[in-house]
Amino acid sequence: MPKLHNSYDVKQFFIKVKLSPNSYNLYFQLGQCFMNCGEQKKAFRACRKGIEYAGYIPNVIHDWAKKMLKSGLLAESHELFRLALCQASNDPEICVGLGEVLGNMGNSCERDAMMRIADSMTRVKQPVLANHQLETYTTLADFLFRQRRFDEVKRICQLGLKLDPNSKKFNDLLRSLPD
């Protein structure tokens, strides 16, 4: 049986998973072992399963997103940072991490918007959006709309509408989204 990392082998993990199929900790351990052996894609699948069973805890997702970024898995890291941001939309560290991934992927416009949002959150030290952030969210929503990333547009518009329920721009964008 091939060794994953020191005393762990594939068979041992699969037996444990069969005995406790909903144990997020086992999936995280398996993911870490795969990471240690350079099997990043397998590590991502294991950690994704662990995140699902753990109940989408933002700091756990954020930690795995950073691990994926460090391993050079930009698409996987991007997915996890976005998932973390959905769970904790007021965390500037997640915004900075997502901005870093976006920069590495060549999305400078979106990266800059995320960095401005993170900077603004940190500067004003408040867990909710401030009125001066509406322009940044409008820019980001427009950019994502042009890329046809409608789920993300919807979330950003909903955040903006919490601050300004009468915003014509956010309401128009929401109305123009496909069903």
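Biologist: Is D63 buried, exposed or partly exposed, and what is its relative accessible area?

Modeller: Start with the cut-offs. Buried means under 20% relative accessible area, exposed means over 50%, and partly exposed lies in between (1.4 Å probe, protein chains only). D63 has a relative accessible area of 39%, so D63 is partly exposed. Keep in mind that this is a predicted model: local features need pLDDT of at least 70, side-chain atom pairs count only at pLDDT 80 or more, and totals for chains, interfaces and linings use all residues. Residues are numbered from 1 along each chain as its sequence is written, and side-chain values use heavy atoms, with hydrogens and water left out.

Biologist: With which residue does K66 form a salt bridge?

Modeller: A salt bridge here is a side-chain nitrogen of Lys or Arg within 4 Å of a carboxyl oxygen of Asp or Glu. K66 pairs with D63, and their closest N and O atoms are 3.8 Å apart. Both residues lie in helix α4, three residues apart, about one turn of the helix. K66 is partly exposed because its relative accessibility is 41%.

Biologist: How do I check the span of helix α4?

Modeller: Helices are DSSP runs (H or I, at least four residues), numbered from the N terminus. The expected span is 1.5 Å times one less than the number of residues. Helix α4 covers residues 58-70, which is 13 residues, so it should span 18 Å. Its end C-alpha atoms are 18 Å apart, which agrees.

Biologist: Which residues of α4 are buried?

Modeller: I61, H62, W64, A65, M68 and L69. Seen down the axis of α4, these buried residues fall within an arc of 165 degrees, so they line one face of the helix. The arc is taken from the directions from the helix axis to the C-beta atoms.

Biologist: What do the buried residues of α4 pack against?

Modeller: Contact means heavy atoms within 4.5 Å. The partners are α2 (24-36), α3 (40-54), α5 (74-87) and α6 (92-104). Just after α4, G72 takes a positive phi of about 90 degrees.

Biologist: How many salt bridges does the whole structure hold?

Modeller: The search finds 12. Take E110 with R82: the closest N and O atoms are 2.2 Å apart. This pair links distant parts of the chain, E110 in helix α7 (residues 108-124) and R82 in helix α5, 28 residues apart.

Biologist: Are E110 and R82 buried or exposed?

Modeller: Both are buried. E110 also bridges to R149, with closest N and O atoms 3.1 Å apart. R149 sits in the loop between α8 (134-146) and α9 (150-163), so this pair ties together parts 39 residues apart in sequence. R82, E110, R149 and E152 are linked in a network of salt bridges.

Key:
Helix = DSSP H or I, 4+ residues; strand = E, 2+ residues; numbered from the N terminus.
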